[in-house]
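Q: I have a structure to go through for class. Could we look at how its strands are arranged?

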Amino acid sequence: DGAVELLVYRTVDATKPSYLAAFTLDGESIWDRGEGGGQPARPGPVTIYDVDGDGADEVVCLFHDPDRPDDGGLTDVVLQVRDGATGAVVRERHPAGFDDVDGEGGNWVHQRLLVANLRGTTRPRDFVIELGGDVFAFDDALETLWHYEVPERWAEYPEHTAYFPAIGDVDGDGRDEVTGGKYLLDHDGSVRWERDLAVHMDSVAIAEWDGSTRVFGSGYGHVLDADGEVVLSLGADAVPHGQEVRVANFRDGPGNELLLRHRGHDAAVTLVGSG
């Protein structure tokens, strides 16, 4: 109807959505599905997007299935597309690769479904999600496009890759790449590069920088090109614990700047220009 609505959810085991509810901005209930659960540990694997392009949003999410065995990983979880107006399941799949996800590692509680254009379609219709040490890509039919396993040396804190990846067309071919700060995956999931750059690669971005599309990583304040070559590194002294990378035109004048929290949970920030 053109009005904005809200979606909230609860989870079991802190990370697996088990209850969804939609509301109007006035708090009127539209629908709810599932049951149980508590407050999510972090922003998790639920996103809202117009998958079929009809002008109304769908809900794309992981969802706990109580009829499936739970081994601590994702054996009890399905991937769903739900009708945004009613909450009804439009498509559902339990990807085979989910059975091998162990539910461990420094990134396990940081999950987020991201919309991507991996196939060069006229509008984005694919999804990427990092689940601990595994990155999965799916099309709009929920078929698995590819699966990338993050190298084991980056499994634990603070060597971890980004808490959730960034999506963008780095090479300009009309299809998105995926980065976790220490790796860049091509649209087909093949590895463009893997590099041991820095600890605390908490946050990443793909954005324009001085006329080119670049990869940004919070660890030591890195800017990299499509081949993984360092365009800029602020270093460990300036950025001992980088977090919350943001790239935008923050100042008057042309070009973007890099903004990041450079001392972990401290509120201090650093703003760096491309010139």
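Q: Which residue in β17 is the bridge partner of Ala205?
A: The bridge partner of Ala205 in β17 is Phe216. This is a predicted model, in which local features need pLDDT of at least 70, side-chain atom pairs count only at pLDDT 80 or more, and totals for chains, interfaces and linings use all residues. Residues are numbered from 1 along each chain as its sequence is written, and side-chain values use heavy atoms, with hydrogens and water left out.

Q: And how many bridges do β16 and β17 pair over?
A: Strands β16 and β17 (residues 212-217) pair over six bridges, in the antiparallel sense. Two strands pair if DSSP finds at least two bridges between them. Strands (E, at least two residues) are DSSP runs, numbered from the N terminus.

Q: What is the order of the open sheet with β16 in it?
A: The order is β16-β17-β18-β19, with antiparallel pairing. Its edge strands, β16 (204-209) and β19 (230-233), each pair on one side only. Neighbouring strands are turned by 25° against each other on average, direction ignored; axes are lines fitted to C-alpha atoms, and angles run from 0 to 180 degrees between N-to-C directions.

Q: Changing topic, which strands form the open sheet that starts with β8?
A: That sheet has the order β8-β9-β10-β11, and the pairing is antiparallel.

Q: Why is one side of β8 and of β11 left without a neighbour in the sheet?
A: Both β8 (114-116) and β11 (144-149) stand at the edges with a single partner strand each, so one side of each has no neighbour in the sheet. The twist averages 20° from one strand to the next.

Q: What is the bridge partner of Ala137 in β11?
A: It is Trp146. Strand β10 (residues 134-138) and β11 pair over five bridges in the antiparallel sense.

Key: Helix = DSSP H or I, 4+ residues; strand = E, 2+ residues; numbered from the N terminus.
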